[in-house]
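Q: I would like to learn how to read a few features from a structure. Can we go through them one at a time?

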Amino acid sequence: MTVAITGGSGHLGNVVCRQLVEGGHHVKALARLDTLALLDLELDGHIELVEGDLLSPSSLDELCKETDILIHCAAKISIDGDPDGSVHRINVDGVRNVMKAARKAGVKKVIHVSSTHAVQELPRNEPMTEDRPRKVKGAPAYDFSKASGELVVLEEVSNGSIEACIVRPSSIVGPFDFKPSKLATALLDFRNRKVPMLPAGGYNFVDVRGVAQAVVTAIEKGESGEVYFLTGTYHTIREVAQTVSKVTGVKTPSTALPYWFLMTVLPFVRLYAKIRKAAPVFTKESIKTLKTGHPNIDNSKAKQILHLKTRPLEVSIKDFYTWYDEHGTV
């Protein structure tokens, strides 16, 4: 069948495209300027690129035309608020545009890629399941935008307009990270001995290939109106550093800075970033994310229904480095 995808040139998106092609599907990908991640698929004639973005209804109409399934991967990630409003426009208004285009074109089903950030982490002493309350206004801009985007999708479902299900990945790691992502940059910095100290806390990490496979499986198995956590295992940042050291043989830092210290030096970090005209190394939001990262996200629903397969973090990190060294694209 014909499967359309937004965010196809992103980390998760390009791996989804590869698995769709392997499954014999015709793939249409919404793309702007950066299509490096899809270049090999395009040159081999396995994928059709549609120029445009989430805020261009006409390009979304073209993407959805004669399409059976739409996978919505595109989003704007932010760990520093939404100063220009683009996070809301892309992650909420963009979802609304996508759902409208899919409905108009008669798309049979939408797979909406959200995030674990969409729901509340507290309390941390109870397993996090899909029925956790969503974030509300006052939460970090990215988190609230992902929660709001989910509600847009579910409203369309409740109106009977279209079938759709929602998947919520955690922090994705693994090969084919062309951009690169913030996590891939951190892994390279670890290997290049550019990280002098570690922040306290941790997060849930999941292999990109397992997430992509579950997304593709959701085409057939995902139930309309349902939500699935596509997550792996919780690791502290210290454990991530130790894993990098084990994989690469490079000595990594072992000292984790406490939250109070990170918050104390935050104004100086922001000032330094402003002088360098670069993004700050960490923000209040990223500190909070590591502090509240849930240690026990229940992915049993996705394992049972979407056949989610997870990999040890060591395998994901090793495979990322191997891919990077072979392609040299980052």
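Q: Where is the place of H307?
A: This is a predicted model. H307 lies in the loop between α11 (300–305) and α12 (313–327).

Q: Is H307 buried, exposed or partly exposed?
A: With a relative accessible area of 36%, H307 is partly exposed.

Q: What separates the C-alpha atoms of H307 and W323?
A: The two residues are 16 residues apart along the chain, and 25 Å lies between their C-alpha atoms.

Q: How is a pair of aromatic rings described?
A: The description uses the distance of the centres and the angle of the planes. In this structure there are 6 aromatic pairs. In one of them, the ring centres of W260 and F261 are 5.9 Å apart with the planes at 90 degrees, so this pair is edge-to-face. An angle over 60 degrees is what counts as edge-to-face. W260 is exposed, at 61% relative accessible area, while F261 is partly exposed, at 31% relative accessibility.

Q: What are the distance and the angle for the rings of F320 and Y321?
A: Their centres are 5.6 Å apart and their planes are at 55 degrees, so the pair is tilted. F320 is buried, with 1% relative accessibility, and Y321 is also buried, with 3%.

Q: Which residues form one aromatic cluster with F320 and Y321?
A: The cluster is formed by F176, F178, F320, Y321, W323 and Y324.

Q: Which charged end sits over the ring of Y228?
A: That of K301, at 4.9 Å from the centre of the Y228 ring.

Q: Which residues make a nonpolar surface patch?
A: L36, L39 and L43 make a patch of about 280 Å². One of these residues, L43, belongs to helix α2 (residues 39–43). L43 counts as exposed, at 65% relative accessibility.

Q: How many residues of strand β2 are buried?
A: For a strand, one can count its buried residues. Strand β2 (residues 26–31) has 5 of its 6 residues buried, so the strand is largely enclosed by the rest of the structure.

Q: How many bridges join strand β1 to β2, and do the strands run parallel or antiparallel?
A: Strand β1 (residues 2–6) is joined to β2 by 4 bridges, and the two strands run parallel.

Q: Which residue in β2 is the bridge partner of T2?
A: H26 is the partner of T2.

Conventions:
Residues are numbered from 1 along each chain as its sequence is written. This is a predicted model: local features need pLDDT of at least 70, side-chain atom pairs count only at pLDDT 80 or more; totals for chains, interfaces and linings use all residues. Side-chain values use heavy atoms; hydrogens and water are left out. Rings of Phe, Tyr and Trp (its six-membered ring) pair if their centres lie within 6.5 Å; planes under 30 degrees apart count as stacked, over 60 as edge-to-face and the rest as tilted. Buried means under 20% relative accessible area, exposed over 50%, partly exposed in between (1.4 Å probe, protein chains only). A charge sits over a ring if NZ of Lys or CZ of Arg is within 6 Å of the ring centre and within 35 degrees of the ring normal. Patches are made of residues with over 30% relative accessible area and no salt bridge: like charges are joined within 9 Å, nonpolar side chains (Val, Leu, Ile, Met, Phe, Trp, Tyr) within 5 Å. Accessible areas come from the Shrake-Rupley method with a 1.4 Å probe; for residues, only the protein chains shown count as cover. A salt bridge is a side-chain nitrogen of Lys or Arg within 4 Å of a carboxyl oxygen of Asp or Glu. Two strands pair if DSSP finds at least two bridges between them.
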